[in-house]
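Subject: Structure handover

Hello,

Here is the structure I promised to pass on. Please open it first, then read my notes below.

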Amino acid sequence: MSESDSIFRHARYVVAENPVTGMAFGLFILIALCALIGPYIVPYDPLASDTTATLHAPSWHHWFGTDQLGRDIFSRVIAATRLDFVIAITSVVLVFAMGGLAGISAGFFLGWTDRIVGRISDTIMAFPLFVLAMGIVAALGNTVTNIVIATAIINFPLYVRVARAEANVRREAGFVQAARLSGNGEFRILLAHILPNIMPIMMVQISLTMGYAILNAAGLSFIGLGVRPPTPEWGIMVAEGAANIISGEWWIALFPGAALMLAVFTFNLLGDGLRDLVDPQRRT
Amino acid sequence: MGKLLLKRMLLVIPNLIGVIIVTFLLTRALPGDPAAYFAGPAAGKEAIEQIRIKLGLDKPLIVQFGRYVADLAHGNLGNSLSTGQPVLTELKNRLPASAELTLFGLILSILIAVPLGILAAVKQGSWIDHICRVVATAGVSLPVFFTGLLLVYVFYFKLGWSPAPLGRLDAFATAPPQVSGFYLIDSLLARNPETFRASLSQLLLPGFTLGIFSLAPITRMTRASMLAVLASDFVRTARASGLNDRTVIITYAFRNAMLPVVTTLGMVFSFLLGANVLVEKVFAWPGIGSYAVEALITSDFAPVQGFVLTMAILYVVLNLIIDILYGVIDPRVRLEG
């Protein structure tokens with residue numbers, strides 16, 4: 001039986017055993033689709049205001065209702081998927097590159113590298129993470145790029161910890177000694193032998209932190225950082241609808257908030273599912 | 001015990017140094033020229049140069065850092081540009097509001113999460129266990145500002161049970177004379193049940209919002225550590241000796257299971273202090289979080305830096321307290337010290 005065949009069978013086994021993972025995967029595809037083609041299929045222009053249709057409750061014409069400027073909330077929620085998705089993915093990829101590399105170097109070389117990386121991690125962990133993110137965005141400037149950077153920085157210690165532990169376990173593994181004996185340099189062993197080996201575990205970590213990254217970015221834009229109106233983004237849309245909650249127009253904040261929740265929920269479930277898939281103890 | 005305390009306190013120092021270095025770097029990483037920023041848009045080249053010398057920005061970075069630390073030692077966090085007030089005074093005035101909210105939320109959360117986690121562990125696989133799992137998964141997916149708005153909609157707009165989400169007291173009530181800064185405690189000290197009720201009703205919704213947010217990690221940890229303890233030898237021995245369930249669960253298992261839960265409180269505080277900012281914004285709570293958010297929007301940096309530093313120091317101190325608490329609960333830690 002080929003390698004990919006067995007992975008596929010195992011995936012099917014995991015999904016069959018835990019239907020929630022299957023559901024999460026379906027939701028993930030839906031979110032990814034919204035991010036890809038969402039802006040082209042929405043019924044209204046997410047930026048176009050219509051003064052004749054302000055604050056309409058959800059109806060057949062406006063599934064999620066309209067906001068105080070008469071913009072269609074359904075279109076805005078769908079169109080916002082791309083921005084939220086891109087923020088989360090780029091920050092996670094960034095922290096994977098920074099934290100992952102720092103972590104495996106620390107776990108593999110130990111000594112000074114380990115001490116320096118550990119100190120940086122500890123210093124970041126000494127802050128309440130969301131507060132640190134606020135401070136970073138305030139200092140670097142109020143842009144979407146800096147939200148991505150801040151989100152990456154506060155996730156740095158998590159990635160370092162996982163990568164360090166995994167690399168450290170494999171330091172003297174047979175395949176590493178074999179690679180060393182065949183004359184590979186230390187850096188080559190690190191990048192070509194150890195890194196690919198810990199990739200599956202890092203993928204689980206990525207999926208688990210995606211949800212947190214989205215929450216964090218939405219929280220920052222909720223308090224007015226990064227994304228600026230009228231750009232559709234879930235956090236800022238909830239903030240825009242916040243004032244209308246006390247006068248009873250619930251739909252403006254509810255739908256973007258629910259979308260946000262669904263996305264985070266999906267990534268968390270997917271992370272758990274991926275862990276089942278990767279975790280050797282659950283493999284049969 | 002004293003020796004252990006001292007040792008643990010010494011461990012705080014590198015953390016504090018790290019925090020101060022990071023906040024210093026954040027003040028110096030401001031986009032553009034800080035001197036031009038502080039001089040204002042109308043200032044000419046000469047005025048900017050003067051400000052630069054006045055602020056010491058012409059000196060090398062290490063000298064600037066020394067000055068920054070000296071300022072901190074004197075409690076000088078700079079002045080807010082928009083209000084002209086010293087940042088430290090404002091933070092001090094607003095800290096009790098934030099502290100009251102955060103602690104209230106944490107206590108609510110512990111009161112719900114610990115019994116829930118214990119029940120879930122004792123009756124593993126029952127409906128209560130399933131509720132526990134749902135709470136734990138949903139709790140980490142809920143954006144805290146969104147929960148807050150939902151609660152406002154249901155309990156203020158729909159049911160009318162709760163007062164308008166606008167601060168610590170409604171406009172007609174007067175604050176109790178300040179003793180601790182916590183309205184609940186101060187109104188009790190002043191023997192003023194009306195103010196106590198008013199401030200409690202304002203506190204309930206934001207408190208629950210924070211509580212729901214921290215429910216997940218505490219429930220999950222309680223359940224896991226309770227399960228581990230219940231499976232251990234000494235619990236089996238206690239059961240075999242014929243002790244009843246109550247004694248076994250409460251006296252034997254619960255006390256030991258609380259140790260890991262106390263350690264997770266550190267992480268819970270990290271989440272709570274961040275979520276606090278969002279909740280304060282939703283409920284117009286006059287704490288340090290909303291102070292920082294207002295300053296952020298007007299690009300007023302000194303309050304934001306002061307806020308980040310205060311929160312970080314608070315967090316370091318909280319972690320220290322948790323560690324000390326751990327030593328108080330667990331005699332083994334004391335022996336090792």
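Let me start where the chains meet. In this predicted model, 37 residues of chain A are in contact with 40 residues of chain B. Five elements of chain A each give two or more residues to that side: α4 (111–125), α5 (129–140), α8 (186–222), α9 (234–245) and α10 (251–278). The top contributor is α5(A), with 10 residues. By type, the side of chain A that touches chain B has 27 nonpolar residues, nine polar and one charged.

How far can you trust it? For the complex, the predictor reports an ipTM of 0.84 and a pTM of 0.85. Chain B has a mean pLDDT of 82, with 93% of its residues at 70 or more. Where pLDDT is low, the predicted coordinates should not be read in detail.

Now chain A as a whole. It has 10 helices and zero strands. Its C-alpha atoms fill a box of roughly 75 × 50 × 30 Å along the principal axes. The chain has 284 residues, and 49% of them are buried. Take the contacts in chain A with a separation of 6 or more: 70% of them join residues 24 or more positions apart.

Back to α5(A). Is this helix mostly buried or exposed? It is largely enclosed by the rest of the structure, because 11 of its 12 residues are buried. Among the buried ones are A:L129, A:F130, A:A133, A:M134 and A:G135. After α5(A) comes A:G141, with a positive phi near 120°.

Two residues of α5(A), A:A133 and A:M134, also matter for the next point. The largest nonpolar core has 159 residues. Those that touch the most other members are A:A133, A:M134, A:I214, A:V238, B:A292 and B:V308. Helix α3 (residues 73–109) of chain A supplies the largest share of this core, 16 residues. Look at A:M134 in particular. Leaving out residues up to four places away in sequence, A:M134 touches A:L220 in its own chain, and B:V277, B:A292, B:L296 and B:V308 across in chain B.

Next, α8(A). This helix has 37 residues, yet its end C-alpha atoms are only 46 Å apart. A straight helix would reach 54 Å at 1.5 Å a residue. Where does α8(A) bend? The bend is at A:M199, by about 50°. A proline, A:P200, follows within four residues. Just after α8(A), A:G224 takes a positive phi of about 95°.

One last stop, in chain B. B:M221 lies in helix α9 (residues 193–230) of chain B. This residue counts as buried because 24 other C-beta atoms lie within 10 Å, and the cut-off is 20 or more. B:M221 touches B:P260, B:V261 and B:T264, again leaving out residues up to four places away in sequence. B:L204 is another matter: B:M221 and B:L204 are 17 residues apart in sequence and 25 Å apart in space, C-alpha to C-alpha.

Over to you.

Best wishes

Methods. Residues are numbered from 1 along each chain as its sequence is written. Chains are lettered from A and ligands numbered from 1 in the order in which they are written. This is a predicted model: local features need pLDDT of at least 70, side-chain atom pairs count only at pLDDT 80 or more; totals for chains, interfaces and linings use all residues. Two residues are in contact if their C-beta atoms, placed from the backbone, lie within 7 Å. pLDDT is the predictor's confidence in each residue, from 0 to 100. Ala, Val, Leu, Ile, Met, Phe, Trp, Tyr, Cys and Pro count as nonpolar, Asp, Glu, Lys and Arg as charged, and the others, Gly among them, as polar. The expected span of a helix is 1.5 Å times one less than its number of residues. The bend at a residue is the angle between axes fitted to the seven residues ending there and the seven starting there. A nonpolar core is a set of buried Ala, Val, Leu, Ile, Met, Phe, Trp, Tyr and Cys residues joined through C-beta atoms within 7 Å.
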